[in-house]
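Let's read some helix packing together, one feature at a time. Have the model open as we go.

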Amino acid sequence: TIRAMSFAGEMTQSQLARCVNGFSKVVATACNDHLWEVLANVAVVVGSWNSTDIARCVGGFSKAPAASGNSNLWTALADAASCLSPRMKLHELFSCVGGFSRTPASRHEILWEALATRAVSLSKQMHTKEVSHCAMGFARVPLTFANVRLWDALAEAAVSEAPGMNIIEVSTCVR
């Protein structure tokens, strides 16, 4: 962590995304407030993102308690993800919906419209895990409640995938 913090200002967005993703999976580093403050400061000033790196950062930062309330970080990531959403792959969308739904970005209207639009276009490719987790993520965000196209697409995907769902996936969808 000391090494990562000392080089943080020189990291590319891919290096930053890998660090955020990796550190978020380790209990000892997930609670290191100073580390997350340094990484968040770098993420706010990163100029150009790609959809893979934004998804890694959203997933990683959303698991770090120290980053959860950083509104500058979440605004910067939400703005970038809104622009990148038309190119997101299914796993990137899945990561962004789940991650953003637990942060201050849950109130970012443009982001949720963009993610919902992408979810509708990818809904035919969704399998049990993606359907249940996208449904759970979107359900945490009141901004999506009135989006009939989104919920129709997720319902249709859930019906299609229902025979292969385990009890956890079914209960997640129903919740």
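Q: What is the handedness of the crossing of α2 and α4?
A: A crossing is left-handed if the near helix is turned anticlockwise from the far one by less than a right angle, and right-handed if clockwise. In this predicted model, the crossing of α2 and α4 is left-handed. The helix labels come from DSSP runs (H or I, at least four residues), numbered from the N terminus.

Q: At what angle do the axes of α2 and α4 cross?
A: Two packed helices are described by the angle between their axes and the distance between the axes. Axes are lines fitted to C-alpha atoms, for helices over the stretch in contact, and angles run from 0 to 180 degrees between N-to-C directions. For helix α2 (residues 13–23) and α4, the crossing is at roughly 150°, and the axes come within 11 Å. That makes α2 roughly antiparallel to α4; the classes are under 35 degrees for roughly parallel, over 145 for roughly antiparallel, 65 to 115 for roughly perpendicular, and oblique for the rest.

Q: Which residues of α2 and α4 meet?
A: With contact meaning heavy atoms within 4.5 Å, Leu16, Val20 and Phe23 of α2 meet Leu35, Trp36, Leu39, Val42 and Ala43 of α4. By class, this contact has 8 nonpolar, no polar and no charged residues. Here Ala, Val, Leu, Ile, Met, Phe, Trp, Tyr, Cys and Pro count as nonpolar, Asp, Glu, Lys and Arg as charged, and the others, Gly among them, as polar.

Q: How do α9 and α11 cross?
A: The axes of helix α9 (residues 128–139) and helix α11 (residues 167–174) cross at roughly 30° and come within 8 Å. The two helices are therefore roughly parallel to each other, and their crossing is left-handed. Thr128, Lys129, Val131, Ser132 and Met136 of α9 make the contact with Glu169, Thr172 and Cys173 of α11. These residues divide into 3 nonpolar, 3 polar and 2 charged.

Q: How many aromatic pairs does the whole structure have?
A: A pair of aromatic rings is described by the distance of the centres and the angle of the planes. Rings of Phe, Tyr and Trp (its six-membered ring) pair if their centres lie within 6.5 Å; planes under 30 degrees apart count as stacked, over 60 as edge-to-face and the rest as tilted. The search finds 3 pairs. One of them is edge-to-face, because the rings of Trp36 and Phe61 have centres 5.6 Å apart and planes at 70°.

Q: Where in the chain is confidence lowest?
A: On the pLDDT scale, the predictor's confidence in each residue from 0 to 100, helix α3 (residues 27–30) is lowest, at a mean of 78.

Terms used: Residues are numbered from 1 along each chain as its sequence is written. This is a predicted model: local features need pLDDT of at least 70, side-chain atom pairs count only at pLDDT 80 or more; totals for chains, interfaces and linings use all residues. Side-chain values use heavy atoms; hydrogens and water are left out.
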